[in-house]
Amino acid sequence: MRKSTSKPPRSLRERALGYLARREHSARELQQKLSAFVTEQDDLPALLKDFQQRGWLSDARYTEQLVHARKSRYGSQRVAQELREHGVADTLINEAVASLKQDELDYACAICRKKYAAAPASREEWAKQARFLQSRGFGVEVIRQALKQLALEQNKDAVRDEE
């Protein structure tokens, strides 16, 4: 008969390292995950500070990773909101938004091209496409520019087809 091999309870440090080994976390996000496992002898703030000093836990790195993962699908407003929810500092959020705004119009156009076969032909279609882009976190001005650019591209294609 086999003996059951029960694993000893993992320490808070081991658990935190396991989380960080899988992906980047913000300090607040990791604190929330670990708070359910804190015992009397654990000092969670000291552990998080130690990880930050060693460079294992970095809000800047987390911000960079999240922006890279989201920039081709979402606008700067949505990414900024997600960063706020994860407790990232406003200075890091402002830097991330500034870098996202450089290519935001290109991403909005690409998303719209992928989702819709043609530029909006009526007010209702324009509003529908605008709402979609707004739900993805793009600002009003970017939406206007993207839909205008798509209409211009479609008109150029139509002129070429006639020639």
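1. Read along the sequence, the protein chain runs α-α-α-α-α-α-α-α. That is 8 helices and 0 strands, where helices (H or I, at least four residues) and strands (E, at least two) are DSSP runs numbered from the N terminus. The model is a predicted one: local features need pLDDT of at least 70, side-chain atom pairs count only at pLDDT 80 or more, and totals for chains, interfaces and linings use all residues. Residues are numbered from 1 along each chain as its sequence is written, and side-chain values use heavy atoms, with hydrogens and water left out.

2. Along the principal axes, the C-alpha atoms fill a box of roughly 80 × 50 × 25 Å.

3. Of the 163 residues, 36% count as buried (buried is under 20% relative accessible area, exposed over 50%, partly exposed in between; 1.4 Å probe, protein chains only). The accessible surface of the protein chain comes to about 11,200 Å², and 49% of this belongs to carbon and sulfur atoms; areas come from the Shrake-Rupley method with a 1.4 Å probe, and for residues only the protein chains shown count as cover.

4. Among contacts (heavy atoms within 4.5 Å) between residues at least 6 apart in sequence, 61% join residues at least 24 apart.

5. The protein chain carries 30 positive and 24 negative side chains, with the centres of the two sets 7 Å apart. Lys and Arg count as positive and Asp and Glu as negative, while His and the chain ends are not counted; each charge is placed at NZ of Lys, CZ of Arg, CG of Asp or CD of Glu.

6. The whole structure holds 2 aromatic pairs. The ring centres of F51 and W56 are 5.2 Å apart and the planes are at 70°, so this pair is edge-to-face. Rings of Phe, Tyr and Trp (its six-membered ring) pair if their centres lie within 6.5 Å; planes under 30 degrees apart count as stacked, over 60 as edge-to-face and the rest as tilted. F51 is buried at 0% relative accessibility, whereas W56 is partly exposed at 33%.

7. Y116 and F132 also form an edge-to-face pair, 5.9 Å centre to centre with 90° between the planes. Y116 sits in the loop between α6 (90-115) and α7 (123-135) and F132 in helix α7, so the pair ties together parts that are 16 residues apart in sequence. Both Y116 and F132 are buried.

8. I111 belongs to helix α6 and is buried, with a relative accessible area of 9%. Not counting residues up to four places away in sequence, I111 touches S72, R73, Y74, F132, L133, R136 and F138. I111 and G55 are 56 residues apart in sequence and 35 Å apart in space, C-alpha to C-alpha.

9. L44 lies in helix α3 (residues 44-54) and is buried at 6% relative accessible area. Beyond its neighbours within four places in sequence, L44 contacts L12, Q31, L34, S35 and V38.

10. E82, in helix α5 (residues 76-85), counts as buried at 17% relative accessibility. Neighbours within four places in sequence aside, E82 is in contact with L66 and R70.
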